[in-house]
Amino acid sequence: AGWVAKLRSVGVIMIGYTPDDYGTRPLWSLKADADKYKNWYGADGLFIDEVINVKGYESHYRDITTYAKSIGMKMTMGNPGTDVPQSFMGTLDTFSITEGSGYPPMSWLQYCTGCTTSGWHDDYDKRNFVYVRYAVGTLDTAYVEESAKWVGLMYLTNDGGSNPWDTVPSYFDTLVATLDK
């Protein structure tokens with residue numbers, strides 16, 4: 001709780017984590033997790049992992065977003081680890097469109113979020129799209145600056161272990177400074 005307060009004091013938005021087990025967790029269970037994070041830390045939002053990216057689940061995600069905002073949370077972020085159907089836009093505030101090791105190919109990132117063929121991503125603000133990548137050994141600031149044209153948020157880490165999200169990357173300060181330009 002002490003670290004949460006320190007991070008918040010410098011403008012970091014605190015979000016709680018909950019898995020969705022690819023759309024199989026009931027809404028009451030996701031709501032209970034949102035309540036815990038709101039009560040424990042005063043969380044500003046909810047990170048929903050294991051989001052399913054299949055049409056037909058839109059109301060499931062819209063309902064958890066509605067609930068999260070009704071208890072004072074500001075945002076919901078979903079992680080299917082891949083792109084979502086256009087019909088998902090607006091059900092959660094942001095979607096992690098790629099999760100994996102190393103940098104995603106810039107051509108894919110530009111195609112996915114720029115969609116030079118289908119075009120639907122261009123209809124939305126880049127802040128709707130996120131990527132998270134692990135086992136990125138060396139920070140390429142030029143890559144970060146270029147990819148920031150296509151997504152609103154990103155997270156890179158050099159951790160490649162069994163849980164690559166449990167440490168801050170050695171280049172975190174440089175990553176933040178690059179994104180702050």
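This is a predicted model: local features need pLDDT of at least 70, side-chain atom pairs count only at pLDDT 80 or more; totals for chains, interfaces and linings use all residues.
## Ground rules

Buried here means under 20% relative accessible area, exposed means over 50%, and partly exposed is anything in between (1.4 Å probe, protein chains only).

Residues are numbered from 1 along each chain as its sequence is written, and side-chain values use heavy atoms, with hydrogens and water left out.

Let's start with charges. Searching the whole structure turns up eight salt bridges, each being a side-chain nitrogen of Lys or Arg within 4 Å of a carboxyl oxygen of Asp or Glu.

Take the Arg 8 contact: the closest N and O atoms of Asp 44 and Arg 8 sit 2.5 Å apart. Arg 8 belongs to helix α1 (residues 2–9) and Asp 44 to the loop between α2 (27–41) and β2 (45–49), so this pair ties together parts that are 36 residues apart in sequence. (Helices, H or I of at least four residues, and strands, E of at least two, are DSSP runs numbered from the N terminus.) Arg 8 itself is partly exposed, with 31% relative accessible area.

Lys 74 is exposed at 60% relative accessibility.

## A buried pair

Asp 33 and Arg 25 form another salt bridge, with 3.0 Å between the closest N and O atoms. Buried or exposed, these two? Both Asp 33 and Arg 25 are buried.

## Out on the surface

Trp 3, Leu 7, Val 10 and Val 12 make a nonpolar surface patch of about 430 Å². Patch members have over 30% relative accessible area and no salt bridge; like charges are joined within 9 Å, and nonpolar side chains (Val, Leu, Ile, Met, Phe, Trp, Tyr) within 5 Å. The areas come from the Shrake-Rupley method with a 1.4 Å probe, and for residues only the protein chains shown count as cover. Val 10 lies in the loop between α1 and β1 (15–19) and is exposed at 66% relative accessible area.

Trp 40, in helix α2, is exposed as well, at 55% relative accessibility. Its C-alpha atom is 26 Å from that of Met 154, 114 residues apart along the chain.
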